[in-house]
Amino acid sequence: MSQAKSDDGLVAKWANYSMRNPKLVYRYLFYISLAAFLLISLFPIYWLFVIALTSPDNMSNIWFLPRGFNIGVFIDIFQTTPFHWYVLNSLIIASVTTALVLLFASLAGYVFGRMEFRFRRPLMLAVLAISYFPAAAYLLPLFRLLTGNISVFGISSPDLFNTHIGIVIPLLGITMPLAIFILTTFYGQIPDGLEDAARIEGTTRLGALFRVIMPLSAPGVATAGVLTFITVYNEFFFSFLMNDGEVSNGAPLVWGMLRFQERFQVNYGEMAAASLVATIPIVILVIFAQERIVSGLTSGALKE
Amino acid sequence: MSQDTAVTKPASERGRIKGVHQAVVKWIANLSDTYYAYLLLLPTLITVGALAVWPLINTFEISLHSNSLVGFYGDFVGFENYVNILTGERDAVLPNPFFSLQNPLQSGLIVTFVFTFVSVVVEAFLGFGMALVLDQKFRGRRWIRAAFIIPWAFPIVIQGMIFYIMFTPGLGFATELTEWLPHLSRNALSDGPTALLVVIIADIWKQSAFVALIVLAGLQSIDRSLYSVAEVAGATPWQQFKLVTFPLVVPSLLIALLFRTIGAMRIYGQIEAVTSCAVVPSLSCMVVRSFDGGAYADAATIAFITASIIGTVVSIYLIKYREV
């Protein structure tokens with residue numbers, strides 16, 4: 001009997017041990033999955049570094065280490081193309097869109113979250129339903145509207161092709177529903193008493209919205225703002241449609257990336273380096289805003 | 001001197017502006033709640049109306065006309081475009097059939113549904129796992145959480161480029177891996193099914209973190225005292241997960257899956273960035289290609305078919321899982 005027990009293999013011993021110490025097993029499982037997820041998330045980004053650091057003449061079958069150490073590529077990208085201007089254009093477009101979305105969505109969120117009126121539910125559902133449709137479904141009419149091909153009462157729409165505003169405007173319509181969704185639930189949760197107190201002191205409704213309700217809903221506003229900013233900065237569809245790619249015409253990042261493909265031979269190293277540079281603003285934003293996003297989603301957006 | 005005159009306006013004008021301002025304030029204060037609500041909604045209604053509702057209606061209108069070589073509208077043809085495209089009789093401007101199907105729209109539908117199903121299921125599992133890990137307390141959680149989220153914040157072009165280089169023969173290592181696996185082409189990006197797989201992998205890399213983010217928010221809103229109760233009652237960690245964590249986190253998981261399903265069914269950018277719409281023709285891809293080819297009526301029709309499919313899926317989701 002005891003002979004049989006000592007004959008148990010390593011696996012059986014380990015299994016017996018773990019049955020008696022489940023907590024320990026869970027701990028190991030935790031570390032293993034943590035490592036696996038980290039590998040999945042970070043490996044492609046690491047590999048992008050490897051590509052960037054490999055010099056152009058060594059660019060073949062790249063596994064996990066760079067061939068050569070071509071750190072100068074991070075300077076080259078700004079010399080071969082005005083890459084910083086593309087990044088700046090994207091930052092401008094994203095900031096303007098985010099500011100406008102937060103302003104409009106705050107008004108709508110206040111109305112939907114805190115007021116009772118006719119057609120409240122149908123209007124709210126209509127606004128939210130807009131986000132179901134693919135950007136492609138808006139492509140044609142929006143393109144015509146924003147390039148001056150639609151006229152209302154004899155006044156033709158302005159030609160916004162090749163302007164920042166031409167990209168900001170369609171993205172307003174696309175990013176607003178989600179922001180309204182988040183802000184409505186947040187503003188709706190503020191107790192009436194707090195607003196009433198401000199109103200009694202003589203503030204208007206809008207005063208109460210911007211001085212009391214918005215500051216109290218800071219995590220929600222931050223969540224909506226960060227989500228909008230990231231969506232716009234990374235946007236693909238209208239950035240292509242509404243611009244010809246000249247940096248002086250306000251071309252965003254997407255076009256900057258394409259610049260590296262336009263020569264006879266694609267310079268993959270520069271493309272990778274440019275990608276890494278372009279993601280720096282978004283990475284900084286994620287690092288600083290992540291806690292806000294999670295707490296924002298926790299305390300508001302998911303409770304509706 | 002000139003500044004002085006600009007700042008101090010004549011007293012009468014100042015009075016008039018003040019009077020108008022007061023009148024406006026008074027008028028707004030006397031509005032009923034309903035009209036006040038509409039007033040505040042005005043910017044949103046104009047924006048959403050002009051940029052989303054009107055374009056949708058207009059797209060539908062264009063889809064009822066024939067393709068035109070000169071303008072946007074051809075002759076009014078009613079639902080003929082829908083019939084032609086659904087039965088596969090209009091192939092000229094649509095991309096080559098996928099999986100050697102006869103009907104291009106069928107291949108678009110198959111690509112879109114396969115992509116949506118596979119990527120959303122895998123993202124659900126991976127995202128849930130990530131969220132469970134992030135819900136634990138450990139040192140450096142802030143940084144690890146940021147590391148998990150970063151792929152989700154990556155621009156689509158860059159995400160596409162990473163996987164494009166990785167799977168380009170002679171450049172990245174991944175083609176050597178696909179060579180070992182059966183049924184996969186070495187030229188991964190130009191072979192339909194394999195390219196679809198690469199697009200799915202790229203999407204999973206980026207979007208799992210989004211599911212993780214939403215599920216994590218759900219996990220963190222669970223009342224921690226429930227776990228103390230469960231522990232006192234003698235529940236093992238597995239039972240705690242099965243009886244407390246999972247049921248309470250299902251609503252946030254469903255929201256995440258809803259968002260992901262909508263996102264996946266509209267897939268366009270990733271495909272264009274990783275391979276091309278000619279290799280993996282999703283529904284949105286077909287819209288853009290028809291648009292580029294000048295077949296505006298076809299583009300509008302496919303756009304509307306896509307929108308209807310997404311609308312149907314979303315409605316089923318909402319009716320089944322949440323009372324709106």
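**Close-up 1. C277(B) and C285(B) are joined in a disulfide, with their sulfur atoms 2.0 Å apart.** This is a predicted model. The torsion about the S-S bond of C277(B) and C285(B) comes out at about -65°, so this disulfide is left-handed. Searching the whole structure, over all chains, turns up one disulfide.

**Close-up 2. Both ends of the bridge, residue by residue.** C277(B) has 1% relative accessibility, so C277(B) counts as buried. C285(B) sits at 0% relative accessibility and therefore counts as buried. The cut-off behind those labels is under 20% relative accessible area.

**Close-up 3. Chain A meets chain B through 92 residues from chain A and 94 residues from chain B.** Put together, chain A and chain B bury about 8,500 Å² between them, and 80% of that lies on carbon and sulfur atoms. Zoom in on Y132(A), L140(A) and F236(A): these supply 8% of the area that chain A buries against chain B, more than any other three residues.

Close-up 4. As for polar contact between chain A and chain B, the tally is nine residue pairs, both residues at pLDDT 80 or more.

**Close-up 5. Helix α3 (residues 22-53) of chain A gives the largest share of the side of chain A that touches chain B, with 17 residues.** Sorted by type, the residues on that side of chain A come to 72 nonpolar, 11 polar and nine charged.

Key:
Residues are numbered from 1 along each chain as its sequence is written. Chains are lettered from A and ligands numbered from 1 in the order in which they are written. This is a predicted model: local features need pLDDT of at least 70, side-chain atom pairs count only at pLDDT 80 or more; totals for chains, interfaces and linings use all residues. Side-chain values use heavy atoms; hydrogens and water are left out. A disulfide is a pair of cysteine sulfur atoms within 2.5 Å. Buried means under 20% relative accessible area, exposed over 50%, partly exposed in between (1.4 Å probe, protein chains only). Contact means heavy atoms within 4.5 Å. Buried area is the accessible area (1.4 Å probe) that two parts lose on being put together, summed over both. A polar contact is a pair of N or O atoms within 3.5 Å; within protein, one must be able to donate a hydrogen and the other to accept it, and residues adjacent in sequence count only if both atoms are side-chain atoms. Helices (H or I, at least four residues) and strands (E, at least two) are DSSP runs, numbered from the N terminus. Ala, Val, Leu, Ile, Met, Phe, Trp, Tyr, Cys and Pro count as nonpolar, Asp, Glu, Lys and Arg as charged, and the others, Gly among them, as polar.
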